[in-house]
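User: Could you walk me through this structure? I am new to this and would like to ask things as they come up.

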Amino acid sequence: MTDAVDRSALRQFLLGLAQGMNASAESVDRIRDTMTEVADAYGGDDTDFVVLPTIILVETGDDEESRVAIRSATNASFRFDQIAALYELIARARAGEVPPLDGIRRLNEIGAMRPRLGWVTRTFGHAVLTTGLALLLTPTWQGAIVAFVLGAGIGLLKLVRSPTLQLVLPIAAAFVCATAVFLLAEVIEIGDPIRLLIAPLVTFLPGGVLTTATVELAAGQMISGASRLVYGFVQLALLAFGILAAGTVIGVESRSYEPLAASAFLPWWVALIGILVFALGNYLHFSAPASTFRWVLLALIAAYSGQWAGSVLLGATMGGFIGAVAMTLVVFWIASLRHGAPAQITFLPAFWLLVPGAAGLVGLTEAVATDSGLADFLAALVSVMSIALGVLIGTALYRVVHHRAEEIVQFVVPPPTVVAEAPRGVWDRLLPWRRR
């Protein structure tokens, strides 16, 4: 490492980058790979990392000169405009173009960024996002209207930045939404009430968490993957508890947790409008940069097309797998373009469109409330696995095509640094006591 680079500043800069990528819902294996590239750009060949969802360690130096910096990862979650700014900084850091101290200041600016769009627009965006997903899950006009109203209310509540509220908000939102939907289901033909509930609750669903957990497990990151998996299922259980509590309070029967037939489903082409509306809602609610809308829409089209084609040809389970492969290849291709979008901005909406978390919530709720829901829940687990494997295979295919076989991982244990002894003279060899 060159003398011009302050090791302490570099450690803090690397910690900040890793913490920001954690807030962007990035997997720990990709965070570690990125940190390694950044450290190499600054000549940090003696740098090592430990990255977990809640803790990050960075070590620089060798033997007695080594120093370790530690950071507890926060529960912060970046908007799309913050993710775009972070990955722009990462691109510069990979080339060693930003001094570590300047990078730290830029990270603090990104963390304090105000949304590009106002609260009214972002609330409306959440309602639009909810409506688009409702058109895909329960294609009735009545269901879309109900989803829009509920989505606007949830979007308004999510603007309140309170750690305490964030803990209870998912349960409260599930309870309120379930109460409204169950009461309306008897008088309005909204289709499947449980699936309609998914739309306003979509941004609470741990679909991305469960899929990232499975990817990390498959990549050998057992601690991170297992902890994320447990965390994701706890989130699903809390949401299901809110739905079941609402059903208990208003006294619904078990059949209310099962699909209701609708007399007039919308035409097939409404799904295409739903994708467009869903992309627009993500753009508005997460205050995404203006240039990223077309890329988000392209990733959504790739995910939906792959899922539809796979479902028709190979079945519903393989549909998620094909959709994930297609989406992953498109997402990484977009990220590689000069004026593309960071992978996380296009990944997250596509995850929600594939709806692994939604399937899990439906299965878990029906498993508790009905006699036939356990099979649906097990099918949801298979769906999560298929989507995660699709992401893994898509990532592998992209790396093989784009990077070839640039590196082969080998087991290497570096020896400790040995201080060379000064050569001994003639008298040292002849008189042993002089060696002491």
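Analyst: Over residues 167-188 the chain is 86% helix and 0% strand, with the end C-alpha atoms 32 Å apart, where helices (H or I, at least four residues) and strands (E, at least two) are DSSP runs numbered from the N terminus. This is a predicted model, in which local features need pLDDT of at least 70 and side-chain atom pairs count only at pLDDT 80 or more, while totals for chains, interfaces and linings use all residues. Residues are numbered from 1 along each chain as its sequence is written, and side-chain values use heavy atoms, with hydrogens and water left out.

User: ok, which UniProt annotation covers residues 167-188?

Analyst: The unreviewed UniProt entry carries the annotation "transmembrane region" for residues 167-188, and also for 143-160, 194-217, 229-252, 264-285, 316-335, 347-365 and 377-398. UniProt positions are given in the numbering used here, feature names are shortened, and annotations may be inferred rather than shown by experiment.

User: are arginine 79 and aspartate 81 buried or exposed?

Analyst: Arginine 79 and aspartate 81 are both buried, where buried means under 20% relative accessible area, exposed means over 50% and partly exposed is in between (1.4 Å probe, protein chains only).

User: Now the inside: how many residues does the largest nonpolar core have?

Analyst: The largest nonpolar core has 91 residues, and those with the most contacts inside it are Phe13, Leu14, Leu17, Met35, Leu86, Met327 and Phe347. A nonpolar core here is a set of buried Ala, Val, Leu, Ile, Met, Phe, Trp, Tyr and Cys residues joined through side-chain atoms within 4.5 Å. There is also a second, separate core of five residues, which includes Ala302, Val330, Ile334 and Ala341.

User: what does leucine 14 touch?

Analyst: Setting aside residues up to four places away in sequence, leucine 14 touches Met35, Val38, Ala39, Thr47, Phe49 and Val58, with contact meaning heavy atoms within 4.5 Å.

User: how many aromatic pairs are there?

Analyst: A search of the whole structure finds six aromatic pairs, where rings of Phe, Tyr and Trp (its six-membered ring) pair if their centres lie within 6.5 Å, and planes under 30 degrees apart count as stacked, over 60 as edge-to-face and the rest as tilted. In one of them, the rings of tyrosine 283 and phenylalanine 293 have centres 5.7 Å apart and planes at 70°, so the pair is edge-to-face. This pair links distant parts of the chain, with tyrosine 283 in helix α11 (residues 270-285) and phenylalanine 293 in helix α12 (residues 293-314), 10 residues apart. Tyrosine 283 is buried at 18% relative accessible area, whereas phenylalanine 293 is partly exposed at 23%.

Phenylalanine 332 and phenylalanine 347 form an edge-to-face pair as well, 5.9 Å centre to centre with 80° between the planes. Phenylalanine 332 lies in helix α13 (residues 316-336) and phenylalanine 347 in helix α14 (residues 343-354), and both are buried.

User: last one, what is valine 331 in contact with?

Analyst: Leaving aside neighbours within four places in sequence, valine 331 is in contact with Ala299, Ala343, Thr346 and Phe347. Valine 331 is found in helix α13 and counts as buried at 0% relative accessibility.
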